[in-house]
Amino acid sequence: MAIYKVLRYPDERLRTECVPVTEFDDEFRKTADDMFETMYKNEGVGLAAPQVNIHRRFVVIDCSEDRSAQLVLANPVIVSKTGTASIDEGCLSIPEFRAKVKRAEKVHVRAQDRYGKEFEMDADGLLAICIQHELDHLEGKLFIDYLPQFKKDRALKLMKKIEKEEKEEGKR
């Protein structure tokens, strides 16, 4: 398994719109598996391909505590949304920053799995929010885009501080 480097805000590659997945071969499945490993290593519940500099339309999600609910969504589309909910969201591309974002409480999604088989599913709660968050990445959108400017500025300041600290420690 390979662990990918997660791109961090304000890296412009996070703003790239992704192209559809057309090949559901062993390489695609290995990439998805490596993304799960990267997500787990970084203690996340979701990871979109563009966050690891792969600009194809797929995400991996696992909201379970025991890593038993792996979900690959390729070429996903949210068919419908209902209700509203908000939780403190975080993002592996903006570590140590969290903020409340208003999202739909429930979503109905159409996607393809790691083998290219089409499926539909309903999600609510944390899973619904995670799906919406990760699918935004496929459009080049970050959760901070929903926030007022002063909070975006705070996120950028935090990222610069983290980058400086890591450079001083020789980590990056």
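Is Glu139 buried, partly exposed or exposed? At 40% relative accessibility, Glu139 counts as partly exposed, where buried means under 20% relative accessible area, exposed means over 50%, and partly exposed covers what lies in between (1.4 Å probe, protein chains only). The model is predicted, so local features need pLDDT of at least 70 and side-chain atom pairs count only at pLDDT 80 or more, while totals for chains, interfaces and linings use all residues. Residues are numbered from 1 along each chain as its sequence is written, and side-chain values use heavy atoms, with hydrogens and water left out.

Glu139 also has a partner. Its side chain meets that of Arg57 in a salt bridge (2.8 Å, N to O), a term for a side-chain nitrogen of Lys or Arg within 4 Å of a carboxyl oxygen of Asp or Glu. Arg57 sits in the loop between β1 (46-48) and β2, and Glu139 in the loop between α2 and α3, so the pair links distant parts of the chain, 82 residues apart. Helices (H or I, at least four residues) and strands (E, at least two) are DSSP runs, numbered from the N terminus. Arg57 is buried, with a relative accessible area of 15%.

By the same rule the count comes to twelve salt bridges. In one of them, Asp33 pairs with Arg114, the closest N and O atoms being 2.8 Å apart. Asp33 belongs to helix α1 and Arg114 to the loop between β6 (106-112) and β7 (118-124), so this pair ties together parts that are 81 residues apart in sequence. Asp33 is partly exposed at 24% relative accessible area, whereas Arg114 is buried at 16%. A further salt bridge joins Glu163 and Lys167 (3.6 Å, N to O); both residues lie in helix α3, four residues apart, about one turn of the helix. Here Glu163 is partly exposed at 39% and Lys167 is exposed at 56%. Salt bridges that share partners also join Glu89, Arg103 and Asp136 into one network. Asp136 lies in helix α2 and is buried, with a relative accessible area of 13%. Not counting residues up to four places away in sequence, Asp136 touches Arg103, Lys141 and Tyr146, contact meaning heavy atoms within 4.5 Å.

Next come the nonpolar cores, each a set of buried Ala, Val, Leu, Ile, Met, Phe, Trp, Tyr and Cys residues joined through side-chain atoms within 4.5 Å. The largest has 18 residues, of which Phe28, Met35, Leu47, Phe58 and Val60 touch the most other members. Helix α1 (26-41) and strands β2 (58-61) and β3 (71-82) each supply at least two residues of this core, and the largest share, six residues, comes from α1. Leaving aside neighbours within four places in sequence, the contacts of Val60 include Ala32, Met35, Leu47 and Leu71. A second, separate core of 17 residues includes Cys18, Val107, Met121 and Ile131.

Finally, about 740 Å³ of space lies in the largest pocket. Of the 34 residues lining this pocket, the closest to its centre are Asn42, Glu43, Gly44, Cys91 and Leu92. On a 1 Å grid over the protein atoms alone, a pocket is an open set of points where a 1.4 Å probe fits, with protein on both sides within 12 Å along at least five of seven lines, and lining residues have an atom within 4 Å of a point. The elements β4 (85-91), β5 (94-103), α2 (125-138) and α3 (149-169) each supply at least two lining residues.

Notes: Points joined across faces, edges and corners; volume = space filled by probe spheres on them.
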